[in-house]
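Dear colleague,

I am passing on to you the structure below, and under it you will find my notes on what turned up in it. Please keep the picture open as you read.

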Amino acid sequence: MFIPPNHPRRTSLLIREKLVEGFKKGLVAPEGLIAHGRGECFDYLIGESTQPFAVKAIEAAVAGLLLAKHPVISVNGNTAALVPGEIVELARELNAKIEVNLFYRTREREEAIAKWLREHGAQEVLGVGEDASATIPELFSERRRVSPRGILIADVVLVPLEDGDRTEALRKMGKTVIAIDLNPLSRTARAASITIVDNVVRAIPLMIEKTREFKLKPKSYLEEILRNYDNNKILQEALTHINERLKQLSNSNLVIQF
Ligand code: ATP
């Protein structure tokens with residue numbers, strides 16, 4: 001689809017195109033397209049740019065992932081469609097494992113995602129087929145299957161775009177869960193240890209940058225960032241930002257003149 005370079009919604013439309021392409025390739029579930037719509041709505045409210053509360057959460061997330069013994073990046077269809085190369089690069093920088101983990105799990109889709117990630121440079125992709133032989137307690141159906149070499153033994157898990165039940169279950173297993181979710185009110189956002197309220201297409205590249213920067217810092221610097229981090233405050237800041245923005249907009253001239 002041709003989108004003119006000066007189209008005011010160009011970036012958003014290009015992201016949509018990536019998801020539609022991902023859907024056609026068998027990476028994205030139909031439900032994933034709807035989930036993206038919910039995210040887009042919150043991105044509109046946030047202002048479609050990375051805000052200070054997201055930067056703070058990204059710094060804490062990177063500190064946590066660099067300090068982790070077994071960091072794992074959990075990948076679903078939408079994440080694979082939107083930022084495949086960036087996920088591989090982040091995993092490489094962090095020395096983290098990549099695991100496919102799907103809400104709507106089918107063998108075809110997990111294999112398609114693993115293949116897609118390998119085409120983008122991934123050496124190893126966990127959680128495919130028999131590799132997902134362990135189970136997360138308290139979760140039912142296919143969603144509880146994880147890799148014994150990945151999420152099962154992970155101490156820190158990055159879950160870009162997760163659902164509330166899984167986030168809760170992973171927290172109950174004692175793991176540090178880092179979520180990327182545009183909706184600061186979702187159960188995922190509220191159940192995670194660290195919530196990055198930002199679009200995955202902006203958050204992951206910034207995480208790569210911060211990882212390169214933080215790798216050069218002493219361990220005590222990273223520990224200090226984590227100690228001072230308060231996720232409730234970050235979620236409050238996100239809501240305050242949306243609130244202030246809406247207040248300002250509701251007092252301005254909204255009509256487009258011709
Ligand atoms: P929960 O179970 O956590 O309450 P939910 O039912 O609201 O979640 P899901 O349908 O499981 O939501 O997943 C969609 C979530 O992912 C939404 O909260 C949405 O804001 C978020 N989301 C969708 N696309 C993106 C994106 N590109 N970047 C960041 N977050 C996104």
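In this predicted model, helix H3 lies across strand S1 (71-75) and strands S5, S6 and S7, and runs at about 130 degrees to S7.

These strands belong to an open sheet of 5 strands, which are arranged in the order S2-S1-S5-S6-S7 with parallel pairing. Strand S2 (97-100) and strand S7 are found at the edges, and because each has a single partner strand, one side of each is left without a neighbour in the sheet. From one strand to the next, the twist averages 20 degrees. Within the sheet, strand S5 (residues 156-160) pairs with strand S6 (residues 176-180) in the parallel sense over 5 bridges, and Leu158 stands opposite Ile178 in S6.

The other element I looked at is helix H11 (residues 231-250), whose 20 residues, at 1.5 Å a residue, should span 28 Å, and this agrees with the 29 Å between its end C-alpha atoms. Which residues of H11 are buried? They are Asn231, Ile234, Leu235, Ala238, His241 and Ile242, and, seen down the axis of H11, the buried residues fall within an arc of 115 degrees, so they line one face of the helix. An α-helix has 3.6 residues a turn, so residues three or four places apart point the same way. The buried residues of H11 pack against helix H2 (30-46), helix H3 (52-67), helix H8 (187-191) and strand S7 (194-196), whereas the face turned away from the buried side carries the exposed residues Gln248 and Ser250. At the start of H11, a side-chain oxygen of Asp230 comes to within 3.1 Å of the backbone nitrogen of Asn232.

Notes
Residues are numbered from 1 along each chain as its sequence is written. This is a predicted model: local features need pLDDT of at least 70, side-chain atom pairs count only at pLDDT 80 or more; totals for chains, interfaces and linings use all residues. Side-chain values use heavy atoms; hydrogens and water are left out. Helices (H or I, at least four residues) and strands (E, at least two) are DSSP runs, numbered from the N terminus. The expected span of a helix is 1.5 Å times one less than its number of residues. Buried means under 20% relative accessible area, exposed over 50%, partly exposed in between (1.4 Å probe, protein chains only). The arc is that of the directions from the helix axis to the C-beta atoms. Contact means heavy atoms within 4.5 Å. A polar contact is a pair of N or O atoms within 3.5 Å; within protein, one must be able to donate a hydrogen and the other to accept it, and residues adjacent in sequence count only if both atoms are side-chain atoms. Two strands pair if DSSP finds at least two bridges between them. Axes are lines fitted to C-alpha atoms, for helices over the stretch in contact, and angles run from 0 to 180 degrees between N-to-C directions.
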